[in-house]
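Let's take a friendly tour of a structure, one topic at a time. Have a look at it first, then read on.

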Amino acid sequence: MLVPLHGFVQGDTVGLLVLVHDTDTIAQLTRVLVDAAAVRVLPAPAARVYLGGRELEPSLTVAGAGLSALERIDLVPEWPAADQPADSRTEAGG
Amino acid sequence: MAERQRQAGPKVEWYTHGTTPVTFCDLCQLVLCGGTPRENTARTVVRDGRRYIFCSAPCQWIFESEPERYAAHESVVGRILAGKAPANLLELLRQYFGLQQDVWGKDAARGEYPWLARSEATAHVGAVLGGEPGGKPPC
């Protein structure tokens, strides 16, 4: 089943409507969201996904993480210290 | 919705750089632009089995003060998901919002908006306050 989600990527200027399958993993959801925002936000090698301030394990499925249609998720890209873009900031989700 | 996604495929809708649909507040209908998590005031509310998203606490408050008023309203995102509006952002701008190539980027009204017309009374006040007639009052 397809699950539409409101995704917000740290450093982006708009929220994005992304579609994932409920069997997709959070890692796959991360890739979809990173790709969708890539025109504005430099893709990071890793990222953390938050639901209501709670970090979601990358190995969980969308359904397993308790995500349902039109929920808000936040994505915080993670950069190795040496590669950190000048305009990026470290912050927790929530 | 699944069929539309399958037909669209990658690089056409949903996943294409810059064409993924943006999200809108279910009350004010402005694009959700909170950005980073710490400063993002967007919040979701479930009412009568339907999940709404609002850009801020004030929009949520306005909605919850009069929810029946908005119950039948179909949001832009709702229309996209129902197949009533294109998911491709550029097509959404072209079709749903009526932005065509011959007018976008241009001021179709050439600046002649009624709400910009300065009334005689306003011009008089400006003159009394020491500004030029019709000019900007000093502040």
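Predicted model: local features only at pLDDT ≥ 70, side-chain atom pairs only at ≥ 80, totals over all residues.

Residues are numbered from 1 along each chain as its sequence is written, and chains are lettered from A and ligands numbered from 1 in the order in which they are written.

*The buried side of H2(B)*
- Cys59(B), Gln60(B) and Phe63(B) are the buried residues of H2(B).
- They sit on the same side of the helix because they cover an arc of only 100° around the axis, taking directions from the helix axis to the C-beta atoms.

*The core*
- The largest nonpolar core has 45 residues, and Val18(A), Leu33(A), Leu75(A), Cys25(B) and Phe54(B) touch the most other members.
- Such a core is a set of buried Ala, Val, Leu, Ile, Met, Phe, Trp, Tyr and Cys residues joined through C-beta atoms within 7 Å.
- H1(A) gives the most to this core: seven residues; helices (H or I, at least four residues) are DSSP runs, numbered from the N terminus.

*Where the chains meet*
- Chain A brings 29 residues to the contact and chain B brings 27, with residues in contact if their C-beta atoms, placed from the backbone, lie within 7 Å.

How values were computed: Contact = placed C-beta atoms within 7 Å. Buried ≥ 20, exposed ≤ 12 C-beta atoms within 10 Å, placed from the backbone. Helix = DSSP H or I, 4+ residues; strand = E, 2+ residues; numbered from the N terminus.
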